[in-house]
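Keep the viewer open as you read.

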Amino acid sequence: MNISTSMIVLIAVMGLFGVGLYCLLITRNLIRLLVGLQIMVKGAMLLLVFVGQSQGQPSLGQSMALTVIVADTIVAVIGLALAVQVKRIVGTLDIADISKLKR
Amino acid sequence: MWHFIILVGILFCSYQAVRDKRLLVSAIWLAGTSALVSIMMYLIGAYQIAVIELSVGAGLVTVLFVFAINIAGDEPIPNLSFIPKWLARIFAVMAILLIGWQLLPLLDFPINLNQDEGFQQLVWENRKADLYLQVVMIFAGVISMLRLLTDEYQIRILHKEVQE
């Protein structure tokens with residue numbers, strides 16, 4: 001079976017999305033949640049670039065991916081800063097313990 | 001051939017990033033995933049964004065993760081998820097199948113490696129609003145991080161100094 005480049009990129013996109021979602025579903029650690037989110041966003045970014053390349057508009061796809069990179073980095077920065085503060089104040093990164101705060 | 005090797009690398013690194021028990025090692029695997037994704041982008045002809053992803057995704061974000069993990073510490077959290085792992089696996093596989101179904105029509109389009117010259121023009125002229133938004137987001141992120149990482153004690157001292 002001849003596997004084309006398009007198919008390989010799409011498998012990578014699906015794999016990244018699946019692994020990221022699995023991480024979001026099973027983890028209870030606040031920092032590891034951000035790792036899962038990062039993996040999912042990488043899949044989305046790769047898809048944007050691929051669609052741009054395959055539809056004959058590479059610049060548009062790349063500029064959209066640039067915006068996603070910036071937004072993703074800011075999400076990581078704020079998420080990590082929040083995790084550090086939560087650890088300082090609550091003393092844990094376990095989501096199960098943190099969610100008790102609202103009660 | 002290279003594409004296939006990189007695909008296997010991406011999937012392996014991302015799975016290890018999720019599976020490894022130590023957060024610091026997870027962050028390193030995430031950096032590996034990022035680097036391989038950027039190589040994949042380079043191979044499909046997105047040269048500019050591949051370089052940006054390599055420097056920001058594999059560089060800056062990894063440094064931030066290592067910094068945060070060093071401050072917060074790598075505490076062992078019981079390996080009990082909110083939902084059973086088998087159910088999470090089913091959800092992940094269903095999501096993969098749904099995305100695959102949505103992406104199936106894209107298989108008919110071959111990747112075009114030819115570059116158009118419009119990336120700079122598109123980013124700096126046609127999408128100025130996005131660019132300004134990105135600058136605002138970066139400033140907001142930096143200020144939020146500084147505010148969040150500042151100790152409450154230091155803030156009180158600053159407030160006192162201002163009042164005096």
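A:Lys42 and B:Glu53 form a salt bridge, with their closest N and O atoms 3.3 Å apart. A salt bridge here is a side-chain nitrogen of Lys or Arg within 4 Å of a carboxyl oxygen of Asp or Glu. Both A:Lys42 and B:Glu53 are buried, where buried means under 20% relative accessible area, exposed means over 50%, and partly exposed is what falls in between (1.4 Å probe, protein chains only).

Before going further, some ground rules: this is a predicted model, so local features need pLDDT of at least 70 and side-chain atom pairs count only at pLDDT 80 or more, while totals for chains, interfaces and linings use all residues. Residues are numbered from 1 along each chain as its sequence is written, chains are lettered from A and ligands numbered from 1 in the order in which they are written, and side-chain values use heavy atoms, leaving out hydrogens and water.

Over all chains, the structure holds three salt bridges, and one of them is between chain B and chain A. Here is the set:

| Salt bridge | N to O distance |
|---|---|
| A:Lys42 and B:Glu53 | 3.3 Å |
| A:Asp94 and A:Arg28 | 2.7 Å |
| B:Arg22 and B:Asp20 | 3.6 Å |

The A:Asp94 and A:Arg28 side chains meet in a salt bridge. This pair links distant parts of the chain, 66 residues apart: A:Asp94 sits in the loop between α3 and α4 (95-98) of chain A, and A:Arg28 in the loop between α1 and α2 of chain A. (Helices are DSSP runs of H or I with at least four residues, strands are runs of E with at least two, and both are numbered from the N terminus.) A:Asp94 is buried, at 4% relative accessible area, and A:Arg28 counts as buried too, at 14%. As for the pair between the chains, A:Lys42 lies in helix α2 of chain A and B:Glu53 in helix α3 of chain B, so this pair joins two chains. In the B:Arg22 and B:Asp20 pair, B:Asp20 is buried, with a relative accessible area of 14%.

Now for the interface as a whole. Contact, meaning heavy atoms within 4.5 Å, involves 81 residues of chain B and 68 residues of chain A. How much area is buried between chain B and chain A? About 6,900 Å², with carbon and sulfur atoms giving 76% of it; buried area is the accessible area (1.4 Å probe) that two parts lose on being put together, summed over both. On the chain B side, B:Val18, B:Phe82 and B:Leu148 lose the most area to chain A, together 9% of what that side buries.

B:Phe82 deserves a look of its own. You'll find B:Phe82 in the loop between α3 and α4 of chain B, and at 52% relative accessibility it counts as exposed. Leaving out residues up to four places away in sequence, B:Phe82 touches A:Arg28, A:Ile95 and A:Ala96.

Next, the nonpolar core: a set of buried Ala, Val, Leu, Ile, Met, Phe, Trp, Tyr and Cys residues joined through side-chain atoms within 4.5 Å. The largest one has 62 residues, and A:Ile31, B:Met40, B:Met41 and B:Phe65 touch the most other members. Helices of both chains each supply at least two residues, including α2 (30-54) of chain A and α5 (119-126) of chain B. The top contributor is α1(A), with 11 residues.

Turning to aromatics, a search of the whole structure finds two pairs over all chains. Rings of Phe, Tyr and Trp (its six-membered ring) pair if their centres lie within 6.5 Å; planes under 30 degrees apart count as stacked, over 60 as edge-to-face and the rest as tilted. B:Phe12 and B:Trp29 have ring centres 5.5 Å apart and planes at 85°, so they are edge-to-face. B:Phe12 lies in helix α1 of chain B and B:Trp29 in helix α2 of chain B, so the pair ties together parts 17 residues apart in sequence. B:Phe12 is partly exposed at 45% relative accessible area, and B:Trp29 is partly exposed at 25%.

Finally, chain B has seven helices and zero strands, and 36% of its 164 residues are buried.
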